[in-house]
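Here's a quick briefing to read with the model open beside you. Have a look at the structure first, then work through the points by topic.

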Amino acid sequence: MKSRFLLESIIGARTLQNAMQLTASVAVYSKDKDPPLILIDDHLPYPQAILQIFGGIKHCRRKNGRGRLKYPRLKPPADMQVGVVKKLRDDRGYLLKVSSKALFGKKKQIEKRIQKLGIGRKINTSHIERLNGTIRGQQARLIRRTRSGSHLEEMLQYSIWLWRDLYNWTRVHYSLLDETPAMALDPRF
Amino acid sequence: MPEQKCHKNQDNSKQTNLPLSFFACPNSDCADFNQFDAGNLSIAEWMGKDKAIRRLYCKTCGTRFSERQGSLMQYTKLPQADVVRIIKCLGHGCSVEATADICEVDTRTVQRFLEKAGKRASDFHKLQLENLDKPLEAVQMDELHGKTVKRKDKTEVVKVPKKLRKRLSKKRAKHGFIRLWP
């Protein structure tokens, strides 16, 4: 069951640090239970951020008995499933092809889980992309080619926090059978 | 504490007082801190210009506090209807100037409310998600491009020779304009 709940929004550059912060918020809200199915696009810092947050340390064994030991590496948990949507673009930035792959876990199992949850058939990020469209349409600060953009990052952050709460907790959604995203996430809300 | 009667509401719109079970003691040292409907609160007095705001009294720790404490209405002189309208405008994505024009307030008031409301919204979000029992099943992560004006770095101070400085000051005085710094 999809909930369309917006968990976290972080303002800043597209760096590893911010990607880790975003992934950490997912880990905090999953509360030491099984890691959720994560669907991402091909933004480079995400795999490293997911490994840093969810992963454990893998100690390498010596194969032959000679030479230097390999440094310990990070490995994902056994039940971790991460799907990646790859977009191939030409020089002008036009989309040529969309492909998907499994970063951790098996692709067929991920697709089965996606179908079971009712969020599509293949690996996709369509829900978050649609949400991006909604926030662009509803916040003057994020409209493309606008003159009413934010001067300060803090004010943009405050307006997004406010919008996020109104979206999550007060606005009913047609596709959620006239429930708010919070109600769809947990009926107690 | 004796209960006094409210003489009249602050504004003539329908403003109903919330029941006391909706409030909790804000004193962090109190045993009933942040516990709703604990039966420790009573009305101490009515305050404000129109005697429409209640001051509550905690029987456990003896603290008195305004019913507006911690809310968006704290320290504001605007009526509740205006505050609600400002937040609604901001939530629907109106710009600060548009909101100020619609609600007939100053832009600085709107900015102050945006800051307050944003922080409160973030706190509320975190507080509610702490009580979440259901595990997350699937998460999608993505980026959204936005633009903010970059803060200018500290500009270098240019040393101007004394002669030029004098000439500039004379010109400025003579013609009544400010010349751009070389």
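**Aromatic rings and what surrounds them**

A:Phe5, A:Trp169 and B:Phe124 make up one aromatic cluster. Keep in mind that this is a predicted model, where local features need pLDDT of at least 70, side-chain atom pairs count only at pLDDT 80 or more, and totals for chains, interfaces and linings use all residues; side-chain values use heavy atoms, with hydrogens and water left out. Residues are numbered from 1 along each chain as its sequence is written, and chains are lettered from A and ligands numbered from 1 in the order in which they are written.

**Ring pairs**

- Searching the whole structure turns up four aromatic pairs over all chains; rings of Phe, Tyr and Trp (its six-membered ring) pair if their centres lie within 6.5 Å, with planes under 30 degrees apart called stacked, over 60 edge-to-face and the rest tilted.
- A:Phe5 and A:Trp169 are an edge-to-face pair, because their ring centres are 5.9 Å apart and their planes sit at 85°.
- That pair ties together distant parts of the chain, 164 residues apart: A:Phe5 is in the segment before helix H1 (16-30) of chain A, and A:Trp169 is in helix H5 (residues 153-170) of chain A. Helices (H or I, at least four residues) and strands (E, at least two) are DSSP runs, numbered from the N terminus.
- Both A:Phe5 and A:Trp169 are buried; buried means under 20% relative accessible area, exposed over 50%, and partly exposed in between (1.4 Å probe, protein chains only).
- A:Tyr158 and A:Trp161 have ring centres 6.1 Å apart and planes at 50°, so this pair is tilted.
- A:Tyr158 and A:Trp161 sit three residues apart in helix H5 of chain A, about one turn of the helix.
- A:Tyr158 counts as buried at 11% relative accessibility, and A:Trp161 is buried too, at 19%.

**Charges over rings**

- A:Arg68 lies over the face of A:Tyr71, 5.1 Å from the ring centre. For a charge to sit over a ring, NZ of Lys or CZ of Arg has to be within 6 Å of the ring centre and within 35 degrees of the ring normal.
- In chain B, the charged end of B:Arg112 sits over the ring of B:Phe113, 5.7 Å from its centre.

- H5(A) has 14 of its 18 residues buried, so it is largely enclosed by the rest of the structure.
- The end C-alpha atoms of H5(A) are 25 Å apart, which agrees with the 26 Å that its 18 residues should span at 1.5 Å a residue; the expected span is 1.5 Å times one less than the number of residues.
- Helix H3 (residues 107-130) of chain B has 24 residues that should span 34 Å, and its end C-alpha atoms are 35 Å apart, which agrees.
- Buried residues in H3(B) include B:Phe113, B:Leu114, B:Ala117 and B:His125.
- What do the buried residues of H3(B) pack against? They pack against H1, H5 and helix H6 (181-185) of chain A, together with helix H1 (80-91) and helix H2 (96-103) of chain B.

**Where the chains meet**

- 62 residues of chain A are in contact with 42 residues of chain B, contact meaning heavy atoms within 4.5 Å.
- Chain A and chain B bury about 4,600 Å² between them, 59% of it on carbon and sulfur atoms; buried area is the accessible area (1.4 Å probe) that two parts lose on being put together, summed over both.
- On the chain A side, A:Tyr29, A:Tyr158 and A:Leu162 lose the most area to chain B, together 14% of what that side buries.

**Strands of chain B**

- Chain B has four helices and four strands, running β-β-β-α-α-α-β-α from the N terminus on.
- Strand E1 (residues 41-47) and strand E2 (residues 53-58) of chain B pair in the antiparallel sense over six bridges; strands pair if DSSP finds at least two bridges between them.
- B:Met47 has B:Ile53 in E2(B) as its bridge partner.
- The hairpin of E1(B) and E2(B) has five residues between the strands, and B:Gly48 there takes a positive phi near 95°.
- E2(B) also runs antiparallel to strand E3 (residues 64-66) of chain B, joined by three bridges, and B:Leu56 stands opposite B:Phe65 in E3(B).

- Most residues other than glycine have a negative phi.
- A:Arg4, in the segment before H1 of chain A, has a positive phi near 60°.
- B:Lys51, in the loop between E1 and E2 of chain B, has a positive phi of about 55° although it is not a glycine.
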